Amino acid sequence: MKTFIICLAWLGISFSGFTQSNNYFQSLFNGKDLSGWQMPGEVAGFDVEDGIMVAVPHNGSDIFTDEYFGNYILRFDYLLSEVGNSGVLIRCDPKDPWRTGVEIQLLAPWTPYRDDLHCTGSIYGHVAVSNRPDETTGIWHKMEIKCDRKIITVSVDGQVTTLANIDTVPGMQDKHLYGAIGFQSNHSKEGEYAYFRNISVYDMDSDVDYVAAGFYDNDARVRKQAWTAAENLGPNMIGRLTSMYSGSNIMAHSGAKQVLFNIVNKSTAPGASFSERDKVIHVLENEIEKNQSVTASQYLKWLLKMASAR
């Protein structure tokens, strides 16, 4: 237990749960319909009733966000029926969610008894809970899931239940670091259910500094995911990429060079908006003007010429 507390302190996590301001979170569920979500199965496993996302039909389709996320904090409320059985799928491909991602379990404490490796808050079949949560059915609980590079932390009702470094867990090393967020349909018997509300996410990959830190990681998979996130940030990332390109770290330099090219290339591709290209051009011009590195300036000028070509 002492080691567990030390690890939490090192990660900046307290037993009272995560403290990220609500201002950073975006809603994933509007309480009216399932816009922004997809159900790839033939039978819909979810519906909306009175502002709540409801999983009622037995073994209906699981539901997944249209948008993909890499590093984030997911928050939501859940309520399980007497023998409710559901789960949260993270960083997965909806076409093959259990091979590509993992499930955070949501399960009523029904008989037969489920152990700490398969109870609510566990990374199902991979990581047992270290602090078993309140599993009372018929009432609302809060869950938070933090995916921070290779560290996954689960909190229930403000208490950390599970902490895992995927490098140390057999079977998790090859899981995706980027993918959809999903909820498992009702896997209990007919008449049971799982309710969800207040579903929101803080996308840490929307923060330039956070993304830039991934360029220095020794794990090539983490760097690759950071490059994807940086490319998605587009012109907002150019200034930081220029700094990394001008620096002495070989990994960051190489990654920054490639992503700068990708951002410019994307802005000039067929179908790209003129406003996006103009923003790229404007940022490149500003960086050329203030940059002190001859090598970086030359590369930025070449990129500007590429972006300005009609």
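This is a predicted model: local features need pLDDT of at least 70, side-chain atom pairs count only at pLDDT 80 or more; totals for chains, interfaces and linings use all residues.

Strand S7, residues 85-92, pairs with strand S8, residues 102-107. The two are antiparallel, with six bridges.

S7 has another partner. Strand S12, residues 179-183, also pairs with S7 in the antiparallel sense, here over three bridges. Look for Leu89, which stands opposite Gly182 in S12. And is S7 covered or open? Mostly covered: eight of its eight residues are buried.

Now move to strand S10, residues 151-156. Six of the six residues are buried, so S10 is largely enclosed by the rest of the structure. Here is a general point. In a regular strand, side chains alternate between the two faces of the sheet. In S10, Ile151, Thr153 and Ser155 point one way. Ile152, Val154 and Val156 point the other way. Residues on both sides are buried.

What does S10 pair with? Strand S9, residues 141-148, runs antiparallel to S10, with six bridges. Strand S11, residues 159-165, is antiparallel to S10 too, again with six bridges. In S11, the partner of Ser155 is Val160.

The largest nonpolar core holds 40 residues. Which of them touch the most other members? Met53, Phe76, Val88, Met143, Phe183, Phe196 and Ile199. Strand S6, residues 72-80, gives the most to this core, with five residues. Apart from this core lies another, of 29 residues, including Leu241 and Met244.

Back to Met53 for a moment. Leaving aside neighbours within four places in sequence, Met53 contacts Phe183, Phe196 and Ile199, among others. Its contacts also include Trp37, Tyr195 and one charged residue, Asp47.

Last stop, the largest pocket. How much space lies in it? About 170 Å³. Its lining is His176, Leu177, Tyr178, Arg221, Lys224, Gln225 and Thr228. By class, that makes two nonpolar, three polar and two charged residues.

That's the tour. Over to you.

Technical notes. Residues are numbered from 1 along each chain as its sequence is written. Side-chain values use heavy atoms; hydrogens and water are left out. A nonpolar core is a set of buried Ala, Val, Leu, Ile, Met, Phe, Trp, Tyr and Cys residues joined through side-chain atoms within 4.5 Å. Buried means under 20% relative accessible area, exposed over 50%, partly exposed in between (1.4 Å probe, protein chains only). Helices (H or I, at least four residues) and strands (E, at least two) are DSSP runs, numbered from the N terminus. Contact means heavy atoms within 4.5 Å. On a 1 Å grid over the protein atoms alone, a cavity is a set of points where a 1.4 Å probe fits but cannot get out, and a pocket is an open set with protein on both sides within 12 Å along at least five of seven lines; lining residues have an atom within 4 Å of a point. Grid points are joined across faces, edges and corners, and a volume is the space filled by probe spheres set on the points. Two strands pair if DSSP finds at least two bridges between them.
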